[in-house]
Amino acid sequence: MQYSVGNGEPQARASFLRRSGADVALTSVPDTEPPTRPYAYAPLANSAVSVVFVIDDGATHRQVRRVRLNQRLLAKMLTQTYRQYNADDTDTVRGNPLCVFDDEEFRKLNAEVAPDVTWPGCGNVANSAPIVVGGTTDLVHRLTEWIAADPDAAQFLHGAADPWGTHVNTEFLPPGFAGYPVDSFQPLDYSGQNNHKQYEWNPVLGGLGQVLRMVLENRLSCQLPYVDDTGQHPKCFTMPPAAGRCSPSWTAATPRR
């Protein structure tokens, strides 16, 4: 039996169906095209997608243990919908909250879950932007499929503002963007002074292990909006522990049996 490693599930399926050396492909999304060879699906494990977060109370600096999110909030975080910077006058996100903690929907959802928490300030850096896995993977497909299945999130992704007036980044509107589900996360907005929107977050190509490592070490995937003496955008600084840090990240849960 032959197998290969290092690629995402979409590549594994394609290789298997092309008979290009792989006898087995691991997948969580069934292929929908007419079969090119005889095969059968065999369940191996039950798994899920979870949201890993590291947030400290802005007043006590103690770690926040419970946070409530919904599909529309995740859609906002994954479509560069927040402004992130105080001086941001970019048309694509004009009038939107600075970050998720400034979002009235987030505050309403968490009013009962974490009533005494002082949420961190948005500051003037993309320290609340997500750390996401790079490359193509079924994990991303499943997450964005779940987001698109929610009516409120689906309407938001098609241009309807939420009840507080927040609208999706216009670069993620159809027909320029085909919509969810997708197999990979990609920033699409390159606007703003020094093209700063494209530096809010960068997909991590080192796999889920690297994503989790960055979260635990409080390292962000963003770059700063200004250009330094070398003409480059410096990396965002590492968030010190117990200093109002926030590094939301998406990763696969441990398979549960």
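Q: Is C122 buried or exposed?
A: C122 is buried, at 9% relative accessibility. Buried here means under 20% relative accessible area, exposed means over 50%, and partly exposed is in between (1.4 Å probe, protein chains only). This is a predicted model, where local features need pLDDT of at least 70, side-chain atom pairs count only at pLDDT 80 or more, and totals for chains, interfaces and linings use all residues. Residues are numbered from 1 along each chain as its sequence is written, and side-chain values use heavy atoms, with hydrogens and water left out.

Q: OK, and what does C122 form with C99?
A: A disulfide, with the sulfur atoms 2.1 Å apart. The cut-off for a disulfide is a pair of cysteine sulfur atoms within 2.5 Å. The torsion about the S-S bond is about -75 degrees, so this disulfide is left-handed. C99 sits in the loop between α2 (71-78) and α3 (104-109), and C122 in the loop between α3 and α4 (138-148), so the pair ties together parts 23 residues apart in sequence. Helices (H or I, at least four residues) and strands (E, at least two) are DSSP runs, numbered from the N terminus.

Q: What about C99, how buried is that one?
A: C99 has a relative accessible area of 1%, so it counts as buried.

Q: How many disulfides are there?
A: Two. The other joins C222 to C236, S to S 2.1 Å. That link is left-handed too, with -130 degrees about the S-S bond. Both cysteines lie in the loop between α6 (207-216) and β2 (249-252), so the pair ties together parts 14 residues apart in sequence. C222 and C236 are both buried.

Q: Switching topic: how many salt bridges?
A: Eight, counting a side-chain nitrogen of Lys or Arg within 4 Å of a carboxyl oxygen of Asp or Glu. One of them pairs E105 with K76 at 2.8 Å, N to O. E105 is in helix α3 and K76 in helix α2, 29 residues apart. Both are buried.

Q: Which residues are networked with those two?
A: R72, D103 and D162 are linked with K76 and E105 in a network of salt bridges.

Q: And in α4, where do E145 and R142 lie relative to each other?
A: They are three residues apart in helix α4, about one turn of the helix.

Q: Which residues of α4 are buried?
A: D138, L139, V140, H141, L143, T144 and I147.
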